[in-house]
Amino acid sequence: MNREITQQLLDFLQKSPSPYHAVANMAKELEDHGYRCLYEEEGWELLPGGRYYVTRGGSALIAFALPGRPKPESFQIMASHSDSPTFKLKEAPELLVDDRFVKLNVEKYGGMLMAPWFDRPLSIAGRLLIRQGEEIQGRLADAGRDLVMIPNLAIHMNRNANDGQSYNPQVDLLPLFGGREAKGKLMTIMAESAGVSPEDVVASDLFLYNRMPGTIWGANEEFVSCGRLDDLQCAFASLKGLLAAEANPRRAMVHCVFDNEEVGSLTRQGAASTFLKDVLTRIAEDLSMSREENLRALAGSFMVSADNAHSVHPNHGEKADQVNRPYLNEGIVVKFSANQRYTTDGASAAVFRELCRQAEVPCQTFFNRSDMVGGSTLGNLSNGQVALHTVDIGLPQLAMHSPYETAGVEDTASLVKAAAAFYGADIAIRRDGCYRVSLEKGSGRP
């Protein structure tokens, strides 16, 4: 069963070379399960028991399933993100070199490991903005073939290459596109992939992606490697958990996928935007909840911020904390940080651990070494807009921010099971500071 879910993950990743594709694929699966698309620019007519989703910018998505009662008591939210570190094409990217080569002008997107991008087949995907009559419309584009490569400088020309190497992204990391005859062909290739004429393309958001297919490997096929595991592994598991959960009788179930986490989330579709706040406010207003009822519902809500975590590295165990040492295939990681880069506190950790205990899902703990600064994630940023009880979790992985990351085959299934349990659970936050976590019959226990 766990291998089957992992293969489904790899199929999803293969079809999702950009955040735009990931959101489109999630939207299709939601529609196949009876979710109806809403638009922020239009009025909503929500019904108790209804299932809906809304996108923003084509790269962020919020889906929600309402309880059968007229007004939800609270919201149970799982948040992840659709983007991964990569290279973004600049405008007019084709550069002719020595009248022999055409390379592409790109810039870094997010904090990446640069060395693994060399000498591997890459392609280009994203969206095109096209002129369609009097409208400008977005179209998904994916060249879908080995199209570019970033060639390394030979060891003979860089004798210090194995002694520590720094890279200049404007010099070392521009991908080779073709010979001199390739000049002027890029937009034709991308337009053809989108089924449009290159003359109709007004603008674009295009990214490089690794073409190496994902694989399940290891002595006992216990590992999985692919690009974009951070954080589409969590987005995939959250979606599968939502679709597996039975309707929660009292609480709205919310699957939230932001964009631009890797570059700070300060966009209209990022975790620091009003996207989640706007959707929750519109749900409350459309269901005729008063301002007080809405505030009470938010005060009783709970969010799981799901963004992958670092496993102990087999060659560098000294980089992990002495005691809190997560490993691949040993369960979901609860992430802590005293400086609040992660929002987890004792209360939210206790709620999530109790949920995992009842759902029979393993979980483990991550802290950075006290002398190392770690990354941040979604929870603390989204809480700047909507104050919620929040726990930061993730799945353990190796080589985070590489174009080819590694995780455990068992762990995706663990998060799918925990997500289904979370969405359907009765999580109550009482005025005396106590919490109740119950996987009641019919509440979504898988």
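The dialogue below treats the strands, selected residues and cysteines of a predicted model.

Me: On what conventions does the reading rest?
Reply: This is a predicted model, in which local features need pLDDT of at least 70 and side-chain atom pairs count only at pLDDT 80 or more, whereas totals for chains, interfaces and linings use all residues. Residues are numbered from 1 along each chain as its sequence is written, and side-chain values use heavy atoms, with hydrogens and water left out.

Me: In what order do the nine strands of the open sheet lie?
Reply: Strands of a sheet pair through backbone hydrogen bonds, either parallel or antiparallel. Strands (E, at least two residues) and helices (H or I, at least four) are DSSP runs numbered from the N terminus, and two strands pair if DSSP finds at least two bridges between them. Here the order is 1-2-3-13-4-14-18-16-17, with mixed pairing. Strand 1 (36–38) and strand 17 (363–366) stand at the edges; each has a single partner strand, so one side of each is left without a neighbour in the sheet. From one strand to the next the twist averages 25°.

Me: How many bridges join strand 4 to strand 14, and do they run parallel or antiparallel?
Reply: Strand 4 (residues 74–81) and strand 14 (residues 302–306) run parallel and are joined by four bridges. M78 has V304 of strand 14 as its bridge partner.

Me: Which strands does helix 7 lie across?
Reply: Axes are lines fitted to C-alpha atoms, for helices over the stretch in contact (heavy atoms within 4.5 Å); angles run from 0 to 180 degrees between N-to-C directions. Helix 7 (residues 346–359) lies across strand 14, strand 16 (332–335), strand 17 and strand 18, and runs at about 60° to strand 18.

Me: With which side chain does R251 make a polar contact?
Reply: R251 lies in strand 13 (residues 251–258) and is buried, with a relative accessible area of 4%. Its side chain makes a polar contact with the side chain of S74 (3.0 Å). Leaving aside neighbours within four places in sequence, the residues in contact with R251 include D426, I427 and R436.

Me: How do strand 21 and strand 22 run?
Reply: Strand 21 (residues 426–429) and strand 22 (residues 435–438) run antiparallel, joined by four bridges. I427 stands opposite V437 in strand 22. The two strands form a hairpin with five residues between them, and G433 in the turn has a positive phi of about 80°.

Me: How many disulfides are counted?
Reply: A disulfide is a covalent bond between the sulfur atoms of two cysteines. With the criterion of a pair of cysteine sulfur atoms within 2.5 Å, the count is zero. For C226, the nearest cysteine sulfur, that of C234, is 14 Å away; for C234, that of C356 is nearest, at 12 Å. C226 is buried at 2% relative accessible area, and C234 is buried at 0%.

Technical notes
Buried means under 20% relative accessible area, exposed over 50%, partly exposed in between (1.4 Å probe, protein chains only). A polar contact is a pair of N or O atoms within 3.5 Å; within protein, one must be able to donate a hydrogen and the other to accept it, and residues adjacent in sequence count only if both atoms are side-chain atoms.
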